[in-house]
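Please open the model in your viewer and keep the sequence panel beside it. The stops below say what to select next and what is to be found there.

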Amino acid sequence: MKMGYSCVVLGLILVSLPGAWPWSKEGHIVTCRIAQDLLEPEAAETVRNLLPHYVDGDLSALCTWPDQIRHWYKYRWSSPLHFIDTPDDACSFDYSRDCHDPKGAEDMCVAGAVHNYTTQLMHYRDGTSDRRYNLTESLLFLSHFMGDIHQPMHVGFTSDEGGNTINLRWFRHKSNLHHVWDREIILTALADYYGKDLDAFQQDLQNNFTTGIWSDDTSSWGECDDLFSCPKKWASESISLACKWGYKGVTPGETLSDEYFNSRMPIVMKRIAQGGVRLAMVLNRVFSDHKQHIPPPT
Ligand SMILES: [Zn+2]
């Protein structure tokens, strides 16, 4: 009954917001499509069961849902879950230091959220489905936040809000550093190399990790001894990349163009692919027969 209600709510959201997709949809969509293609039969079936019927089994159709509702009154609590603010220039992530919302509430950051929704989804297999949780929402939040935690500028500096307040130009139009990493690089890549075809973009990423330049690394992407410590590792990778490639050499007000685009595009593509491979790993483990144990956050 609860699930039926959530389908109605989700349906209304889609109907009431035609064309109102926020930024970053392409990255999330591709991350979710890559993940769904890598699901083992058991996880694939569970994901299908949790999705509302009107998306016809397509997880990617709802991967941007958490961005759409984050400013709604009912979901305002979810807004700090999309990112992590780390101390300026520290270039590191420390869970106990950094994973909190602006008021200091613990675990309210993207690494805490990945852990939390992973734990909630385990109840599905355990058959101990807790009525406090709407597992469809848990799946959508987890799938979205696995994308966010891999976007380097979602683990950025506090004073510039992960690059959001660093205004600049992307080629000829106004933008900001956060948005460059959320969307501009992807859109420019799509226009310049893929004829604006998201399927071709996704295919290229999949070729890169199955037979191409990343194929030797791909098995290590999915390595994860315990599902709680791994989000910390992924967030650390992101802030490291944000320092090395995101912030590096960028002056507020400047124009970023070919040089920045060409050197950063491979990183954006790799992070999207890693997010997908790792989302599949998490879902395959959470929905497999083998019971997983996740320790509480420390
Ligand atoms: Zn987000």
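**Stop one: helix 3**

Select helix 3, residues 41–50, and colour its buried residues, which are Ala43, Thr46, Val47 and Leu50. Looking down the axis of helix 3, you will find these buried residues within an arc of 100°, so they line one face of the helix; the arc is that of the directions from the helix axis to the C-beta atoms. A residue counts as buried if 20 or more other C-beta atoms lie within 10 Å of its own, as exposed if 12 or fewer do, and as partly exposed in between, with C-beta atoms placed from the backbone. Helices (H or I, at least four residues) and strands (E, at least two) are DSSP runs, numbered from the N terminus.

Two notes on reading the model belong here. Residues are numbered from 1 along each chain as its sequence is written. This is a predicted model, in which local features need pLDDT of at least 70 and side-chain atom pairs count only at pLDDT 80 or more, while totals for chains, interfaces and linings use all residues.

**Stop two: the whole protein**

Zoom out to the protein, whose secondary structure comes to 12 helices and five strands. Of its 298 residues, 42% are buried. Two residues are in contact if their C-beta atoms, placed from the backbone, lie within 7 Å; among contacts between residues at least 6 apart in sequence, 76% join residues at least 24 apart.

**Stop three: helix 2 and its partners**

Next select helix 2 (residues 25–37) with helix 9 (residues 198–210), whose axes come within 10 Å and cross at roughly 50°. Axes are lines fitted to C-alpha atoms, for helices over the stretch in contact, and angles run from 0 to 180 degrees between N-to-C directions. Helix 2 and helix 9 are therefore oblique to each other, given that angles under 35 degrees count as roughly parallel, over 145 as roughly antiparallel, 65 to 115 as roughly perpendicular and the rest as oblique. To see where they touch, show Glu26, Ile29, Val30, Arg33 and Ile34 in helix 2, which meet Leu198, Phe201, Gln202, Leu205 and Gln206 in helix 9. By class, this contact has six nonpolar, two polar and two charged residues, where Ala, Val, Leu, Ile, Met, Phe, Trp, Tyr, Cys and Pro count as nonpolar, Asp, Glu, Lys and Arg as charged, and the others, Gly among them, as polar.

**Stop four: loops**

Most residues other than glycine have a negative phi. Cys91, however, has a positive phi of about 55° although it is not a glycine, and its place is in the loop between strand 1 (84–86) and helix 5 (95–98). Phe171 likewise has a positive phi, of about 50°, and lies in the loop between strand 3 (167–170) and strand 4 (173–176); with 13 C-beta neighbours inside 10 Å, Phe171 counts as partly exposed.

**Last stop: helix 12**

Finally, select Arg285 in helix 12 (residues 258–286). Arg285 and Leu227 are 58 residues apart in sequence and 9.1 Å apart in space, C-alpha to C-alpha.
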